Amino acid sequence: MKFNFDQIIDRHNTNSVKWEYFPPDVLPFWVADTDFAVDPAIIQSIQKRLEHPIFGYSVDDPELINAIVQRMHNFYGWEIGAESVILVPGIVSGFNFAIRAVCKPGENIIFQTPAYPPFFHAPQNNQVGSVLNPMRFNPESDLYEIDFADFESKITPETKMFLLCNPQNPTGRVLSKTELERLGNICLERNLVICSDEIHSDIVYSGNHHIPIASLSPDLAQQSITFIAPSKTFNIPGLSCSAAIIQNEALRKDFRRALAGFSSGVSCLAQAAGLAAYTQGAEWHRQLSAYLEDNRNYLLDFVHREMPAIKTTEIQATFLSWMDCSGLQLPLSPQKFFEEKAKVGLNDGAAFGEEYENFVRLNFGTSRATLTEALEKMAEAINRS
Ligand SMILES: Cc1ncc(COP(=O)(O)O)c(C=O)c1O
């Protein structure tokens, strides 16, 4: 079956945060959900569950847990036991629980910037400090790279956790085996728990390969909490179905303790959706990845040609583009400029770290026609300014 990712679906009046946040004349290209209709198998799975008229609290569905175990084996050759998988109602809540499980107030966590904004909020929520390790843009590779010396030098006895985002939001990096091993070895030497947010691991473009850091060695498996979810890939983030993989029994106990009282589990409808995504969604996922790769190529080509003052990077994964707009020399923030002058709603780079005020993030998980319309409006606004 051929799925139609070109279809334009009106999302107004569906309480979509993406489509309700900006005024109606602004095209939204910000928060990371996509505008694609989900795989019909997901809808059928939810419909089947709706046939039973009671929607009580749920336990983790063993079929979904098994699907996750199988997926890690099939995709990465990573062998995990069913007991190591815990469903959580979102990765953001998941890494908040992980911080509570690992850190005491006054201790700190380290992570790379630019960073997904909740990486800044989660330590604050838990009276824990943040240590920032800015990535460096390398014009030769056209990629953001890890500054290992800075990473190592900033770890103190109070640093208890490394919060990793791989593939990385917003830079679109897929960290290589060498980079992951180097980071992993530092964490093992300095006894940092690795909390790895791998929510974007299914949208990885040709020539790149995602590796869960915990799969690299038994020691790293024992030191890690890994988060995955079908949400970004299969466009079901509003259903809140995510999973933590924790192979270390003591760490798992601490995580469960941190979770108690905060979460009443993942709803039966969310689990039905997650199960269908992971067990029946392979073909839909394959076609989506091809469509997004074309969108990525189209976007990068358009920006290079029509908006050469904006610097993009190679996008190895995610449906997000991190754009350096310093070259435009705008009198106001690029987010405001594009919202007001182009009527295109982007993420403000400053939310990803204070030194990124001249950056915007663009979500290209939409139909080619809508993407084209937004890019043309952005180019026209620049030409008029
Ligand atoms: C890196 C990253 N982690 C987590 C999330 C959100 O996860 P959830 O909706 O499961 O809390 C996002 C969404 O954009 C993300 O980009």
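## Exercise 1: Two helices at an angle

Helix 13 and helix 14 are roughly perpendicular to each other. Before you start, note that this is a predicted model, in which local features need pLDDT of at least 70, side-chain atom pairs count only at pLDDT 80 or more, and totals for chains, interfaces and linings use all residues. Residues are numbered from 1 along each chain as its sequence is written.

**Task.** Find out why helix 13 and helix 14 are called roughly perpendicular.

**Solution.** 
- Step 1: Locate helix 13 at residues 334-342 and helix 14 at residues 368-384. Helices are DSSP runs (H or I, at least four residues) and strands likewise (E, at least two), numbered from the N terminus.
- Step 2: Take the angle: the two axes cross at roughly 100° and come within 9 Å. Axes are lines fitted to C-alpha atoms, for helices over the stretch in contact, and angles run from 0 to 180 degrees between N-to-C directions.
- Step 3: Use the classes: under 35 degrees is roughly parallel, over 145 roughly antiparallel, 65 to 115 roughly perpendicular, and the rest oblique.
- Step 4: Look at the contact, where F338, K341 and A342 of helix 13 meet K377, M378 and A381 of helix 14. Two residues are in contact if their C-beta atoms, placed from the backbone, lie within 7 Å.
- Step 5: Sort these contact residues: four are nonpolar, none polar and two charged. Here Ala, Val, Leu, Ile, Met, Phe, Trp, Tyr, Cys and Pro count as nonpolar, Asp, Glu, Lys and Arg as charged, and the others, Gly among them, as polar.

## Exercise 2: Another pair

**Task.** Describe how helix 4 and helix 5 pack.

**Solution.** 
- Step 1: Helix 4 (residues 91-102) and helix 5 (residues 118-125) have axes 9 Å apart, at an angle of about 40°.
- Step 2: This pair is therefore oblique.
- Step 3: In helix 4, V92, F95, N96 and I99 meet P118, A122, P123 and N125 of helix 5.
- Step 4: That contact holds six nonpolar, two polar and no charged residues.
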